[in-house]
Amino acid sequence: MADTDRQIIAVADTAEMARTAAERIMARIDGNDGRIALCLTGGSSPKQLYRLLASDAYRSRIPWHRVHWFIGDERFVPEGSPLNNMGEARRIFLDQCAPASNIHAIPTLAANPDDSAERYARALKSFYGADECSPDRPLFDVVLMGIGPDGHTASLFPGDTALDERERWVVGVRSAHVEPFVPRVTLTLPALGSCSEMLFEVAGREKRAILTRLFHGENLPANRARSIGGQTVWLVDKAACPESFRGQ
Ligand code: 6PG
């Protein structure tokens, strides 16, 4: 199934989803012999993929010294909290595999989410080497994304002003629309979109209702998040896929 600039790949289950995502990430890594930037996501969907990347099969294939790990959104809680997105990624795989200097967490010890957002934007710009993203030189090789029950992605919630941000790369979000109800810090659509590939993982029966709305083209954050000039791919498992869209 495909629309103009988004490819939807159906997979059987979460195991196949993790393998497919891992192979797509490996293809991007193999296609770039310089410094690689991967932007991770929170929530439960990517955890199987993270475990797979730490398994012998992938661990030995990843050139860890030249891969840099970022996070697309963060809950404004200490890194040690189980709610902290980068903290979870670190505990599941990064701390065992990646050099500490290649792990770029959103700082949540900042005074408030706006301050944290400014600090992360500065870190991203310094890594990228410019204050503006150029369409022919994406900030990230791959940006991983998930979709919430209300159609949010990263911490870009329906109706929030953060969605319309055009200048800033990272913004503070005072209140989340879904659990956990903690302030967030999120990359904006232009920053997330500056990637060779934006890769969504959507799995489970509970995602079927929101996928139905998204596939009908509702103006929701997940439908607005696209790679600018690269590929946008949604991996959707059987349980999540609305019946009316099966086989398309
Ligand atoms: C977060 C996210 C968020 C997440 C979706 C999907 O911090 O919560 O990054 O955008 O990706 O809500 O979450 P699940 O994978 O848990 O369904």
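This report describes helix packing and strand pairing in a predicted model.

## Helix α2 and its buried side

Helix α2 comprises residues 47-54, and its buried residues are Leu-49, Tyr-50, Leu-53 and Ala-54. These four lie on the same side of α2, because the arc they cover around the axis is only 140 degrees. In general, an α-helix has 3.6 residues a turn, so residues three or four places apart point the same way.

Two of the helices that pack against α2 are treated in turn below: α1 and α4.

## Packing of α1 against α2

Helix α1, residues 14-30, packs on α2 with an axis separation of 9 Å and an angle of about 55 degrees. The two helices are therefore oblique to each other, and their crossing is right-handed. On the α1 side the contact involves Thr-14, Ala-15, Ala-18, Arg-19, Ala-21, Ala-22 and Ile-25. Helix α2 contributes Gln-48, Leu-49, Leu-52 and Leu-53. Of these α2 residues, Leu-49 and Leu-53 are also among the buried ones.

## Packing of α4 against α2

Helix α4 spans residues 85-97; its axis comes within 9 Å of that of α2, and the two cross at roughly 10 degrees. An angle under 35 degrees counts as roughly parallel, and α2 and α4 are therefore described in that way. The crossing is left-handed, whereas that of α1 and α2 is right-handed.

The α2 residues that meet α4 are Lys-47, Tyr-50, Arg-51, Leu-53 and Ala-54. Their counterparts in α4 are Glu-88, Ala-89, Ile-92, Phe-93, Gln-96 and Cys-97.

Strand β3, residues 36-40, pairs with β4 in the parallel sense through 5 bridges. Within this pairing, Ile-36 is placed opposite Val-67 of β4.

## The antiparallel sheet β5-β8-β7

Three strands form an open sheet in the order β5-β8-β7, with antiparallel pairing. The edge positions are held by β5 (73-75) and β7 (170-173); each has a single partner strand, so one side of each lacks a neighbour in the sheet. From one strand to the next, the twist averages 15 degrees.

Strand β8, residues 184-187, is joined to β5 by 3 bridges in the antiparallel sense. Arg-75 stands opposite Arg-184 of β8, and Glu-74 has Val-185 of β8 as its bridge partner. Strands β7 and β8 also run antiparallel and are joined by 4 bridges; here Val-170 is partnered by Leu-187 of β8.

## Cover over the sheet

Both faces of β8 are covered. Arg-184 and Thr-186 are buried on one side, and Val-185 and Leu-187 are buried on the other. Helix α5, residues 113-128, lies across β7 and β8 and runs at about 165 degrees to β7.

Conventions:
Residues are numbered from 1 along each chain as its sequence is written. This is a predicted model: local features need pLDDT of at least 70, side-chain atom pairs count only at pLDDT 80 or more; totals for chains, interfaces and linings use all residues. Side-chain values use heavy atoms; hydrogens and water are left out. Buried means under 20% relative accessible area, exposed over 50%, partly exposed in between (1.4 Å probe, protein chains only). The arc is that of the directions from the helix axis to the C-beta atoms. Two strands pair if DSSP finds at least two bridges between them. Axes are lines fitted to C-alpha atoms, for helices over the stretch in contact, and angles run from 0 to 180 degrees between N-to-C directions. Angles under 35 degrees count as roughly parallel, over 145 as roughly antiparallel, 65 to 115 as roughly perpendicular and the rest as oblique. A crossing is left-handed if the near helix is turned anticlockwise from the far one by less than a right angle, and right-handed if clockwise. Contact means heavy atoms within 4.5 Å.
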